[in-house]
Amino acid sequence: MGVKALSLIQIVLLLCSVVHSWPGTVNKTGNICTVIPSVDRSDDAPTIISAFEQCGQNGSVMFINETYHVESVMQTTGLNNVTVHLYGTLLWGTDTEYWRSHSLQLGYQNQTTAWIFGGNNITFMGHGYGTFDGNGQIWYDLAQNVSNLPGRPIALTIANTTNSVFSGIRFVQSQFWSTAITHSENLLLEDIYVNSTSTSTWSTINTDGTDTFYSNNLTFRRWSVTNGDDSIAPKANSSNLLIQDSTFYGGNGVAIGSIGQYLNDFEFIENVTAERITCYDCQYLGYVKTWTGIQQGYPPNGGGGGLGYAKNIVFRDFVSINTWNAIAQITQCTSYVGATGGCDTSKFQISNITWGPGVGNT
């Protein structure tokens, strides 16, 4: 009896150990891939990548309402005619040394990213509660208010993407910028929620809502951004952007730039309209910022002296509550040592910037 009882216990323990070591899986039915997270909280990134490999062409990828642990970088590009349903939470790991040494290059400045995602005719839906959780507090404490700490990863970079829609996604406690958009065209990003706040003495510097590069015809509609930096920031070679019906808390509002960082490189920002925006406790309402013309080194990331232009920028129908610096601002003083001089040296041209009607402080 005792031997039989012991054997039964051993069997139960063995089964439990097997269950708790199960990795994530992909359940594929037709052209629909459902991502099942690991039971033991091990890295779900390989399973997520596999789902896009299997259903990334004329298919669907579904994340159930569970937590997925992302412990390694992901690149899922070249997708076509794909629908993504994010019902759960993607929770990024806290091994900062791994992320700082393995995050993928954005291809501009020294910025890196945790996930490069892209393709054509993508519909990515968070349904109002699908969440990217960057575990950001560990990054805010690590950076200790140092701007652009190398290796802090952008949560999601949308790259080489066309004719696509991203809607109803939540980004909380982002590691760095919540999103970046690069080399993309004809995108709609709507009903996006961003909230990065610190519970320590260290700020959430560089937790931009989104930054854009080398992209055209982008619409941002109904964004809610709570953060410690730019809410939405068009940067190098961004054109035909529309930002509408959004609410920003505690950040820098709509920031055109910074730009002109690379010596003698020609870049531009043009045809940007931001309208019907409400800002609470923002530093600025809408502002334009370029680097100085004085080259300050810091290779390979440049230090000013860039060429190009920003033109046809419109800020209108803004409501700003408790703005604490300036309603409207143009500065050409950006440098690695802050806005401390050389403001009249910039080679970057600015023209046709409009604030109003309806831009004011309450």
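Mentor: Ile-116 counts as buried, at 11% relative accessibility (buried is under 20% relative accessible area, exposed over 50%, partly exposed in between, with a 1.4 Å probe and protein chains only). This is a predicted model, where local features need pLDDT of at least 70, side-chain atom pairs count only at pLDDT 80 or more, and totals for chains, interfaces and linings use all residues. Residues are numbered from 1 along each chain as its sequence is written, and side-chain values use heavy atoms, leaving out hydrogens and water.

Trainee: Which strand is Ile-116 in?

Mentor: Ile-116 sits in strand 9, residues 115-133 (strands, E, at least two residues, are DSSP runs numbered from the N terminus).

Trainee: And what does Ile-116 touch?

Mentor: Leaving aside residues up to four places away in sequence, its contacts include Met-74, Leu-104, Thr-157 and Ala-159 (contact means heavy atoms within 4.5 Å).

Trainee: New topic. What are the domains?

Mentor: The domain assignment gives domain 1 (25-229) and domain 2 (240-361); such bounds come from an automatic or database assignment. Their C-alpha centres lie 25 Å apart.

Trainee: How many residues of each are in contact?

Mentor: 19 residues of domain 1 are in contact with 17 residues of domain 2. The area buried between the two is about 1500 Å², and carbon and sulfur atoms give 38% of that (buried area is the accessible area, 1.4 Å probe, that two parts lose on being put together, summed over both). Tyr-108, Gln-109 and Phe-220 supply 29% of the area that domain 1 buries against domain 2, more than any other three residues.

Trainee: Which strand gives the largest share of the domain 1 side?

Mentor: Strand 16, residues 215-226, with twelve residues of the side that touches domain 2.

Trainee: What is phi of Asn-160?

Mentor: Near 50°, a positive value in a residue other than glycine. Asn-160 lies in the loop between strand 11 (156-159) and strand 12 (162-172).

Trainee: Is Asn-160 buried or exposed?

Mentor: Asn-160 is exposed, because its relative accessible area is 54%.

Trainee: What about phi of Asn-322?

Mentor: Asn-322 has a positive phi of about 60° and is not a glycine. With a relative accessible area of 46%, Asn-322 is partly exposed.

Definitions and conventions
Helix = DSSP H or I, 4+ residues; strand = E, 2+ residues; numbered from the N terminus.
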